[in-house]
Amino acid sequence: MNPFENPPPENPTIDLLLNTIRERRPNADLTMVKLAYEFAAEAHKGQIRKSGVPYLLHPLCTAIILAEMNMDPTIIIAGLLHDVPEDTQVTIEEIEKNFGSEVAHLVAGVTKLGKIKYRGIERYIENLRKMFVAMAEDIRVVIIKFADRLHNLHTLDYLPPKKQYRVALETLEIYAPIANRLGMGEMKGQLEDLSFKYVYPKEYAWTRGLVEERYEKREAYINEVRLALERELRTDNVKFISLSGRLKRLYSLYQKLLRHDKNIEKIHDMIALRVIVDDIGDCYAALGVIHKLWRPLPGRIKDYIAQPKPNGYQSLHTTVFCEQGQIVEFQIRDEQQHLNAEYGVAAHWSYDETEQRDGSRQIKWVRELAAVGDAMQRLKDLENLKIDIFQNRIFVFTPKGDVIDLPENATPIDFAFAVHTQIGNQCAGARVNDRIVSLDQPLKSGDVIDIIVDKAKKGPSADWIKFVKTNHAKSCIKQFAKRSLADWIKMALPSRGN
Ligand code: MN
């Protein structure tokens, strides 16, 4: 078995999709899923992917990925239809007529997100991430977009090198960090590893080589440790669901190597042992058993159960001196924590409608979104989770495509100061979407703004203060007014030089 790759199905069929759903949701009604497949087949008829296969296989694979993530049929249907409005004659209205407003809303969201492109300007990268989440409006749209991207990465070889690089870089810089913040560990890992080889080919080959050299030996060793722990847990009557080795993801291993002098000997969790137990009490009991067997390294016990990571991740970690003095990391968690660690916010839709989730637990994922922005919306009913923490923000572009994040009703002056104080100070006019506008005109999300600069201008006009919205612009204008008053007084006063 190849521990590195997780390729999409070679011969995806509608039956594979239906069976994948049935395995996880025996009671699901698949009538609409079949209809959506036929609808997509008709819409994409005659279209071919760059790889030479019928286009339909792409939305089908996207839907299979979503089904594997245990998503509900609504999300899977939207996955099947996600490229229809963008790439065919069929409109969103027709999708709405056939599949209802919820599916139409999800498909429209995915289409909208497709327009955000990262061109490699690092200064504004955080804004682009914010814009991505804000434009999605609904977390389910982000999940579908991730599945879509995952399949595109699997077939990236068929695109020209320049496009490969752009898509992979965008995935590393925008998609993966968002997946991480949403607690979707599995998705983040796959997105990163698939992009890694296109963005940093040499580093990818080097990291992979290191792991391949050690993998077999280390795996055999971890297996022995696993058996020893299994025996001891049984002796001590600590129930467990599974013990298994997990191979660290290549990109995350590479990142860690960079922090440790590129020395693989310093990395103790290339393969870690994962212990899944019934409940939190058993987590601590299992930790006790491990520490009884092997001496822990000082300072390496991490209780992410009592103190979860900002993205909601919960687990106990410990690193111990194991058999033959080798160092091994253990990760211990219960099933629910494991599900959350793999799927994050998506774990919410991975339950049958019949099973009710604990609402307070879900709030964590919402809180996580606060890390993306600064406001937070507490929502009880996550089925209706909308990403409206950015409701009062707009996202506009510089002519070069940088994204600037501003409050609602911000003006070209606010924009100018957000880009650079000097541009604000010398602002003489503004073009919005190629049309000259007045300096107090409120901007809208998606506007492209070009500030006309007058190099001879010394500073901002004092009356701009009446309409600017950002504190930054206000303080720049005030500061200049203060300074020019001081300058004026200095000039007006006779010199007292001695
Ligand atoms: Mn697509």
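**View 1. Helix α16 lies across the strands β9, β10 and β11.** In this predicted model, helix α16 covers residues 412-419 and runs at about 80° to β11. Contact means heavy atoms within 4.5 Å. Axes are lines fitted to C-alpha atoms, for helices over the stretch in contact, and angles run from 0 to 180 degrees between N-to-C directions. Helices (H or I, at least four residues) and strands (E, at least two) are DSSP runs, numbered from the N terminus.

**View 2. Three strands form an open sheet in the order β10-β9-β11.** The pairing is antiparallel; two strands pair if DSSP finds at least two bridges between them. β10 (435-437) and β11 (449-453) are the edge strands, each pairing on one side only. On average, neighbouring strands of this sheet are turned by 35° against each other, direction ignored. Strand β9 (residues 427-432) is joined to β10 by three bridges. A430 stands opposite V437 in β10.

**View 3. Strands β7 and β8 form a hairpin.** β7 spans residues 393-397 and β8 residues 403-407; five bridges join these antiparallel strands. F395 stands opposite D405 in β8. Five residues lie between the two strands, and G401 in the turn has a positive phi of about 100°.

**View 4. Four residues supply the protein donors of the manganese ion: H58 (NE2), H82 (NE2), D83 (OD) and D148 (OD).** These donors lie 2.2 to 2.3 Å from the ion, and their spacing along the chain is H-x23-H-D-x64-D. H58 lies in helix α3 (residues 57-68) and D83 in the loop between α4 (73-81) and α5 (84-87), so the pair ties together parts that are 25 residues apart in sequence. Both H58 and D83 are buried, where buried means under 20% relative accessible area, exposed over 50%, and partly exposed in between (1.4 Å probe, protein chains only). Donors are N, O and S atoms within 2.8 Å of the metal (3.2 Å for Na, K and Ca); water is not among the atoms, so sites may look incomplete.

**All views. The protein chain has 18 helices and 11 strands.** Of its 498 residues, 51% count as buried. Among contacts with a separation of 6 or more, 65% are between residues 24 or more positions apart. Residues are numbered from 1 along each chain as its sequence is written, and side-chain values use heavy atoms, with hydrogens and water left out. Local features need pLDDT of at least 70 and side-chain atom pairs count only at pLDDT 80 or more, whereas totals for chains, interfaces and linings use all residues.
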